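Subject: A structure for you to look at

Hello,

Here is the structure I promised to pass on. Please open it first, and then read my notes on what turned up.

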Amino acid sequence: MNDSHSDPRSKPPQFPSHNGPRVWFITNGASPVGIGVARQVLEHGDFVVAGVLPEELDKTNGNDHGRAEDFKAFLDEVRAKGDGNGNHGVDVEMGGADEDDENVGSEEEEQGDPSISRAGAKRWKDRVKVVGLDGRNIGQCQAAVAEAVHAFGKIDIMLGCSSEAIIGTIEELAQSHRTQTLFRSQFETNFFANVNIIKAILPTMRSQRNGHIVMLTGITAHLGTPGMGMYCSSQWALEGYCDSLAYEIAPFNVKLTLVQPNLEIGVLSNMITSAPPMQEYRADVNPAPLSRDILSGLLDKLSGAVDSRAADTPAEKESPEGASPASASSARPRSNGNARDAGSPMPEPTMGDLLHSSSVTSVYPPLQPVVKGALVAETVYAIAAIGGHDNPPARHIVGSEAITSVKEKLKTVSEELEDFIESSMSVDFAKNEGIISLAPVV
């Protein structure tokens, strides 16, 4: 491999060739991936419609998890990218039109495609539209798409990157009504939210007879991961949906690509919700490498000690137990089974301890902006290089570690197929007895 391509941060992405600026619709514009992609494509000269979940950016209810600051910093950067004369325009308003947006409508009517007519716009602010978007609400999806088309006349590329991770074994997620509701929450965010925005955007792309849907999933859509069964199943469902959809929309020149980075990208760059652990799945009892313990270690490395206020998250507030996760974790042993000397002071709870709380707990991994940028750099590079490509891949696996993991899984599947191929072939009696098969002829 050429060294110049080994580090995506060493050079800007190699964008596909295109005739003019494209319009990107990013479903989760406040996420690290969303901000990273928006920054790259704006620098390239494209337009961005960034969907944001307003409640996620609201700090007034104690949701101090860094997303509000990150997105505000991005908007400040957008405003700072002026016209070279110190004129930065008015502020970008979330979910509404600003003064420049008020003038876009007349420009569209007079000149047709505004993305072409405004191709010479140098200011980032002129090429950004922020809309409120909760993908779980189909009405909001339709409204956001309408705002995007009103502002820029078209949508060329949709990046679906809405995700969250539910941590817990299948049994742990079935222990109470509260944990059982996490099943639906996982699918509402990871599956139905993406399905809703796809359905809302398809009529626009179909009428254009052009478009590219890029869905961010992960290698967990290939690999089962102990302790993350619901997360994996939601991604498998989305990939099955997209695989079928790709055939249906191909005649309209609408393409679909699934981008699959490492597990850490989808989990550490979004909210993590943990169900209370069961004693039967403690590490000293059950040797399965559960995600809870692995992620706990990662969070500890990222954050160090935290006080109990770090547990003041929306999901924890809704917990029927009502106990503070930090206090609960300090009152019970961690699942790794490490013993504490009698009479020794109780260790200060860490961020990793929150995933071992006796109540449902939600946390955002405490990543500094520079760490977030490094974490998603490869994925941002891949998305920018593929988005809008004339002949994009159906699937794109990001990074050597992800490729190795998927190859190992496919190797196992192939070996098992060969081991039991005689058993499989022995029941293939349809051809011999003239039974009609619905299987496609290849």
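Let me start with the largest cavity. Helices α7 (229-249) and α8 (263-268) each supply at least two residues of its lining. Helices (H or I, at least four residues) and strands (E, at least two) are DSSP runs, numbered from the N terminus.

Before the rest, a word on the source. This is a predicted model, in which local features need pLDDT of at least 70 and side-chain atom pairs count only at pLDDT 80 or more, while totals for chains, interfaces and linings use all residues. Residues are numbered from 1 along each chain as its sequence is written, and side-chain values use heavy atoms, with hydrogens and water left out.

**Cavities**

A cavity here is a set of points, on a 1 Å grid over the protein atoms alone, where a 1.4 Å probe fits but cannot get out; lining residues have an atom within 4 Å of a point. Points are joined across faces, edges and corners, and a volume is the space filled by probe spheres set on them. There are three cavities of 30 Å³ or more.

**N28**

N28 sits in the loop between β1 (23-26) and α1 (32-44). Is N28 buried or exposed? N28 is buried, because its relative accessible area is 9%, and buried means under 20% (exposed is over 50%, partly exposed in between, with a 1.4 Å probe and protein chains only). Leaving aside neighbours within four places in sequence, N28 is in contact (heavy atoms within 4.5 Å) with G34, G51, E56, R67, C161, S162 and N270.

**Helix α12**

Helix α12 covers residues 369-386, and its 18 residues should span 26 Å at 1.5 Å a residue; the end C-alpha atoms are 25 Å apart, which agrees. The expected span is 1.5 Å times one less than the number of residues. At V376, α12 bends by about 50°, the bend being the angle between axes fitted to the seven residues ending there and the seven starting there. Buried residues of α12 include K372, V376, Y381 and I386. After α12 comes G388, with a positive phi near 85°.

Most residues other than glycine have a negative phi. R209, in the loop between α6 (177-208) and β6 (211-216), has a positive phi near 55°. N253, in the loop between α7 and β7 (254-260), has a positive phi near 60°. R209 counts as partly exposed at 47% relative accessibility, and N253 counts as partly exposed at 36%.

Lastly, L263 is in helix α8 and is partly exposed at 24% relative accessibility. L263 and G218 are 45 residues apart in sequence, yet 6.2 Å apart in space, C-alpha to C-alpha. Not counting residues up to four places away in sequence, L263 touches I219, T220, M228 and Y231.

Happy browsing!

Key. On a 1 Å grid over the protein atoms alone, a cavity is a set of points where a 1.4 Å probe fits but cannot get out, and a pocket is an open set with protein on both sides within 12 Å along at least five of seven lines; lining residues have an atom within 4 Å of a point.
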